[in-house]
Amino acid sequence: TMKKKPNPWSPAKIKALRERLGDTQEQFAQRVGVAFSTVNKWENGKAKPSKLGQRTLDESSCLQGKASK
């Protein structure tokens, strides 16, 4: 059986990214293109980002890094 790759986006890491961007959960949801409830579930550990969600989080984290320089 193929092992699923662990999701690199833990609830704490998602929340840290959102806070670094200065977003509320609603603003962050709009930024990454998901519902507010989805961000809430990610941060509470009730759901994990899909592959697409992970890619969007990766991109958001890269954008933030460039903006701060």
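Contact here means heavy atoms within 4.5 Å. By that criterion, and leaving aside neighbours within four places in sequence, Ala 29 is in contact with Val 34, Ala 35, Phe 36 and Val 39.

The model is predicted: local features need pLDDT of at least 70, side-chain atom pairs count only at pLDDT 80 or more, and totals for chains, interfaces and linings use all residues. Residues are numbered from 1 along each chain as its sequence is written, and side-chain values use heavy atoms, with hydrogens and water left out.

Helices (H or I, at least four residues) and strands (E, at least two) are DSSP runs, numbered from the N terminus. Buried means under 20% relative accessible area, exposed over 50%, and partly exposed in between (1.4 Å probe, protein chains only).

The largest nonpolar core has 10 residues: Trp 9, Ile 14, Leu 17, Leu 21, Phe 28, Ala 29, Val 32, Val 39, Trp 42 and Leu 57. Such a core is a set of buried Ala, Val, Leu, Ile, Met, Phe, Trp, Tyr and Cys residues joined through side-chain atoms within 4.5 Å. Two or more residues come from each of α1, α2 (25-32) and α3.

In α1, the buried residues are Ile 14, Leu 17, Arg 18 and Leu 21. They lie on the same side of α1 because their arc around the axis is only 95 degrees, taken over the directions from the helix axis to the C-beta atoms. After α1 comes Gly 22, with a positive phi near 75 degrees.

Helix α1 (residues 11-21) and helix α3 (residues 36-44) have axes that come within 7 Å and cross at roughly 125 degrees. The two are therefore oblique to each other; angles under 35 degrees count as roughly parallel, over 145 as roughly antiparallel, 65 to 115 as roughly perpendicular and the rest as oblique. Axes are lines fitted to C-alpha atoms, for helices over the stretch in contact, and angles run from 0 to 180 degrees between N-to-C directions. Pro 11, Ile 14, Lys 15 and Arg 18 of α1 meet Val 39, Trp 42 and Glu 43 of α3 in this contact.

| Residue | Relative accessible area | Class |
|---|---|---|
| Ser 60 | 6% | buried |
| Lys 51 | 73% | exposed |

Ser 60 is found in α4 (residues 51-67). Apart from neighbours within four places in sequence, Ser 60 is in contact with Leu 17, Leu 21, Arg 31 and Val 32. Lys 51, also in α4, is 44 residues from Asn 7 in sequence and 8.8 Å from Asn 7 in space, C-alpha to C-alpha.
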